[in-house]
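Here's a quick briefing to read with the model open.

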Amino acid sequence: MTPPVIDVHSHFVPQGWPDLAALTGTDGEWPWLRQINDVSAMIMLGNKDFRPIDQSCWSPEHRLADMDVDGIDMQVVSPTPVFFHYQHAAADAERIASVFNDLALSMCVAAPSRLVPFCQVPLQDTEAACRELDRCLDLGHVGVEIGNHVGDRDLDDGGIVEFLQHCAHRDVAVFVHPWDMQATPRNQRWMAQWLVGMPAETHLSILALILGGVFDRVSSDLRLCFAHGGGSFAMWSGRMDNAWSRRPDVIATSQLPPSAYVDRFSVDSVVFDTKALRLLVDTHGSNRVMLGSDYPYPLGERPAGAVINRADFISATQRESMLGGNAEVFLGARLTTWQQQMENPA
Ligand code: CO
């Protein structure tokens, strides 16, 4: 049977979240939504414009119509990273996460066979992150999206590794998204934080898991997917191996050279160029590349999956895996549970 076509990388922004200053009892540049009209709005940070968005962010009907146009059966709906709030007090981030996670569910229950909710957690506090994850799993969330770092703590940080181990233990898929890129005068021009910063951030996160010895320690059951094709990782796998052999005094902190870990995680396909997709398939194998679009944002791919559909170097079987079969494995049993629970509520 042909697997469904699944987009593992999309975002939502809900409407109607409470005033976060009131919710947390603290002043600050909390995000709020300035509604422009029925179909468009501006995400505000304090009194500054952050990002214009439209109804594709909050309307399940609009989203489903776009999915129909693109031939997407199912979409993983993840938070938008600006709402992670890892930089704030954990208790505040936990409160905000629970509000947004509940709103994600209410959007996805509009079409549980097609919209698959991923939650967010207050990753700055391992106990709070595990607690919010567990609460969300009870409610039906299928996976979790995390930012690729918490301030100066990378993915090899003890607390974050403990959270990842908890995810492996709970059999839950983890989608890693770059965020909170360095803001310097040089990368604040054009969209350099997105065009250069994000791929470098993602590369650094994968490197931290490898050279921080995390893959040597954590359960191989941990299911990870990195956004944007894993950033610049695949391009530089040879450079990292060379450094690992030539400068063992500095970086041979993993049991094996970096390229030996390429089958411990997956990457999405939102790289636009078939030459880049080919590199991902050559590096990670077709079982480790999954359709992702970054819908509905302007740097995302429309129609979703176009680069996979255009690729002439993969077999029909590989294409099916990349369009959906791999995502079914990534999402695991929780996908079926979510769909059955929501379609046949007790
Ligand atoms: Co994204």
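Buried here means under 20% relative accessible area, exposed means over 50%, and partly exposed is anything in between, using a 1.4 Å probe on protein chains only. Helices (H or I, at least four residues) and strands (E, at least two) are DSSP runs, numbered from the N terminus. By those rules, S321, M322, L323, G324, G325, N326, A327, F330 and L331 of α12 are buried.

Some housekeeping: this is a predicted model, with local features needing pLDDT of at least 70 and side-chain atom pairs counting only at pLDDT 80 or more, while totals for chains, interfaces and linings use all residues. Residues are numbered from 1 along each chain as its sequence is written, and side-chain values use heavy atoms, with hydrogens and water left out.

**The cobalt site**

- Donors are N, O and S atoms within 2.8 Å of the metal (3.2 Å for Na, K and Ca); water is not among the atoms, so sites may look incomplete.
- On the protein side, the cobalt ion gets H9 (NE2), H11 (NE2), H177 (NE2) and D294 (OD), at 2.0 to 2.1 Å.
- Along the chain, these donors are spaced as H-x1-H-x165-H-x116-D.
- H11 sits in strand β1 (residues 6-11) and H177 in strand β8 (residues 173-177), so this pair ties together parts that are 166 residues apart in sequence.
- Why is the arrangement irregular? The angles subtended by the four donor atoms run from 82 to 164°, whereas four donors count as tetrahedral if all angles lie between 85 and 135 degrees; four count as square planar and six as octahedral if opposite donors are over 155 degrees apart and all others between 65 and 115, and anything else is irregular.
- H11 is buried at 1% relative accessible area, and H177 is buried too, at 4%.
- D294 is buried with a relative accessible area of 8%, and belongs to the loop between β11 and α11.

- As background, most residues other than glycine have a negative phi, and most peptide bonds are trans.
- Y295 and P296 are joined by a cis peptide bond with omega about 0°, and P296 falls in the loop between β11 (289-290) and α11 (306-310).
- Another cis peptide bond links R302 to P303, with omega about -10°; P303 is in the loop between β11 and α11.

**Two helices to inspect**

- The expected span of a helix is 1.5 Å times one less than its number of residues.
- Helix α12 (residues 316-331) has 16 residues and should span 22 Å, which agrees with the 22 Å between its end C-alpha atoms.
- There is still a bend of about 55° in α12 at M322, where the bend at a residue is the angle between axes fitted to the seven residues ending there and the seven starting there.
- Just past α12, G332 has a positive phi of about 70°.
- Helix α4 (residues 126-139) has 14 residues and reaches 20 Å from first C-alpha to last, close to the 20 Å expected.
- In α4, the buried set is T126, A128, A129, C130, E132, L133, C136 and L137, and their cover includes α3 (90-108), β6 (115-119), β7 (143-147), α5 and α13 (333-343).

**Cores and contacts**

- A nonpolar core is a set of buried Ala, Val, Leu, Ile, Met, Phe, Trp, Tyr and Cys residues joined through side-chain atoms within 4.5 Å.
- The largest nonpolar core has 85 residues, and F118, L133, V144, I146, F163, V174 and L224 touch the most other members.
- Helix α5 (residues 158-169) gives the most to this core, with six residues.
- Apart from that core lies another, of 16 residues, including A41, I43, I53 and F83.
- Contact means heavy atoms within 4.5 Å. Leaving out residues up to four places away in sequence, F163 touches V121, L123, T126, A129, C130, L133, V144 and I146.
- A234 is in the loop between β9 (224-226) and α8 (237-246) and is buried at 7% relative accessible area.
- Beyond its neighbours within four places in sequence, A234 contacts L279, L280, T283 and H284; A234 and L279 are 45 residues apart in sequence and 7.0 Å apart, C-alpha to C-alpha.
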